[in-house]
Each structure stands twice: as structure tokens, then as C-alpha cells.
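The following explanation leads the reader through a protein model step by step. Please keep the sequence and the structure in view while reading.

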Amino acid sequence: PRRAAPSTADECRRVGNDLYRAAGALAQSHTTDVEGITFGAEGMDWAKQVMEKYQAAIDVYTKGLGYAADDHRLLNNRALCYAALKMWAKCKEDAFRVTRLKPDFKKGWFLLAKALWKEGHLDEAKQELESAVQQVADAADLHELLIEIQHALNESTAGHLPAISLRRQSMSRSVSPVATPPAAAAA
């Protein structure tokens, strides 16, 4: 049975989170290693399904923003979907809004820094993270990312984007919408 269209911001967030989870599970089920995407007819169908699920989640989060334009959780979750689709400019735009709406929300800062990094703007990512560590109470992993970006900037050469490991010792950070607390707990 098909679920009725969501009619509130929280319903949209829940439906979007379900779609995000489904896209991630589908992606994981077809990945065999770091490079591991299977191509051919089956692989292309799988990739299309994953992209469609992420896009459906984006659409639902966007609908939710129609009900609550300044809901940082909806914006952050949509930014995460954009990141999954490697749509870095849109990810950056939403993550930037998140950091301005809720400056102490670590997930927004992480996504903003990642989007800036992926666009090749390490200096801007560094500046944003410097601001973040001043505003987020538990910013150890953001501070770790800041140090890593500074190190990458020191090693970078013209035209070369240094690799930044996004796997940290502290694996407590989750930017997944599934890990975002409900409105009462997130406020």
C-alpha cells in the first residue's frame, strides 16, 4: 500500500529519512569494495534506482521546507542527499543555511566544509571550520578536520587537490538524517 503524501514538515522529514535510508541500503548492497560499483545493464539500473531514491528524498525534504522554511534538519538532510549525488554546489548552499540558522549544529558545518573541499575551496573550508570550532560545544572532530585541511593546504600544489581522509579516529560523528534527533530533542 502506498503511503499518503506527507502533509507536515516532520512527516516530510520522516519520509525523506526513509528514502535516504533505502538509497543508502541499495547502494551498499551493490558495492563490493571502495571502487566497487558494478556496471552493465544491472549496474546501471541499480545506479538509476539509487539516484531516484536520493532525488525523491530531496523532493520530500523540499516539500517539508515549504511547511517550515527554516528547519535546519530538513536543510541538513537535503544537503546530505545532494552530497550523496555529488551535487556539491547545492550541498554547500543548504549546509551554509544550516550553519547560519543553527550555528551549534555540527552536521551542518561538516557538510559545508566537505562541499567546499570537494569544490576545491580548501581555504574557505578552513575559514568555516575555524568559525565552527568556536560555536560548537563538542567540536573535537571538526577541529580534527580543520587540522587535516590545514595540513592539506600546506602540502597542496597548484592544480592538485590534496586528499583528505574523511575517516577519523572519532567515528561518533554521523551526518545521516537518521541520526538527527526529533524536533524536541534537536531544539
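**Cysteines, helices and charged pairs**

The structure, which is a predicted model, contains 0 disulfides. Cys-91 illustrates this: its sulfur lies 9.9 Å from the closest cysteine sulfur, that of Cys-81, which is too far for a bond. Cys-91 is also buried, at 0% relative accessibility. Cys-12 is likewise buried, with a relative accessible area of 0%.

Before going further, the confidence of the prediction deserves attention. The mean pLDDT of the protein is 83, and 74% of its residues reach 70 or more. Over residues 166-173, however, the pLDDT is below 50, although this stretch has 15 contacts in the model beyond near neighbours in sequence.

The helices may now be taken in turn. Helix α1 covers residues 9-29; its 21 residues should span 30 Å at 1.5 Å a residue, and the 30 Å between its end C-alpha atoms agrees with this. Among the buried residues of α1 are Cys-12, Arg-13, Asn-17, Tyr-20 and Leu-26.

Helix α4 comprises the 14 residues 88-101 and reaches 20 Å from its first C-alpha to its last, close to the 20 Å expected at 1.5 Å a residue. Within α4, Trp-88, Cys-91, Asp-94, Ala-95, Val-98 and Thr-99 are buried. Viewed down the axis of α4, these buried residues fall within an arc of 140 degrees, so they line one face of the helix. The buried residues of α4 pack against α3 (72-84) and α5.

Helix α7 (residues 140-155) can be read in the same manner. Its 16 residues should span 22 Å at 1.5 Å a residue, and its end C-alpha atoms are 23 Å apart, which agrees. The buried residues of α7 are Asp-141, Leu-142, Leu-145, Leu-146, Ile-149, Ala-152 and Leu-153. Seen down the axis of α7, they fall within an arc of 145 degrees, and they therefore line one face of the helix. That buried side packs against α5 (106-118) and α6 (122-135), whereas the face of α7 turned away from it carries the exposed residues Ala-140 and Asn-154.

Charged side chains come next. Those of opposite charge can pair when their charged atoms come close. A search of the whole structure finds 13 salt bridges. In one of them, Arg-78 pairs with Asp-94, the closest N and O atoms being 2.6 Å apart. This pair links distant parts of the chain, with Arg-78 in helix α3 and Asp-94 in helix α4, 16 residues apart. Arg-78 is buried, with a relative accessible area of 11%, and Asp-94 is buried too, at 2%.

A further salt bridge joins the side chains of Glu-128 and Arg-100 at 3.2 Å, N to O. Here again the pair links distant parts of the chain: Glu-128 belongs to helix α6 and Arg-100 to helix α4, 28 residues apart. Glu-128 is buried, with a relative accessible area of 16%, while Arg-100 counts as partly exposed at 41%.

Finally, Arg-73 forms a salt bridge with Asp-71, and the closest N and O atoms are 3.0 Å apart. Arg-73 is buried at 4% relative accessible area, and Asp-71 counts as buried at 11%. Both residues take part in a network of salt bridges that links Asp-10, Arg-13, Asp-71 and Arg-73.

Key: Residues numbered from 1 in each chain as written. Predicted model: local features only at pLDDT ≥ 70, side-chain atom pairs only at ≥ 80, totals over all residues. Heavy atoms only, no water. Helix = DSSP H or I, 4+ residues; strand = E, 2+ residues; numbered from the N terminus. Expected span 1.5 Å × (residues − 1). Buried < 20%, exposed > 50% of the residue type's maximum accessible area, 1.4 Å probe, protein only. Arc of directions from axis to C-beta. Contact = heavy atoms within 4.5 Å. pLDDT = per-residue confidence, 0-100. Disulfide = S-S within 2.5 Å. Salt bridge = Lys/Arg side-chain N within 4 Å of Asp/Glu carboxyl O.
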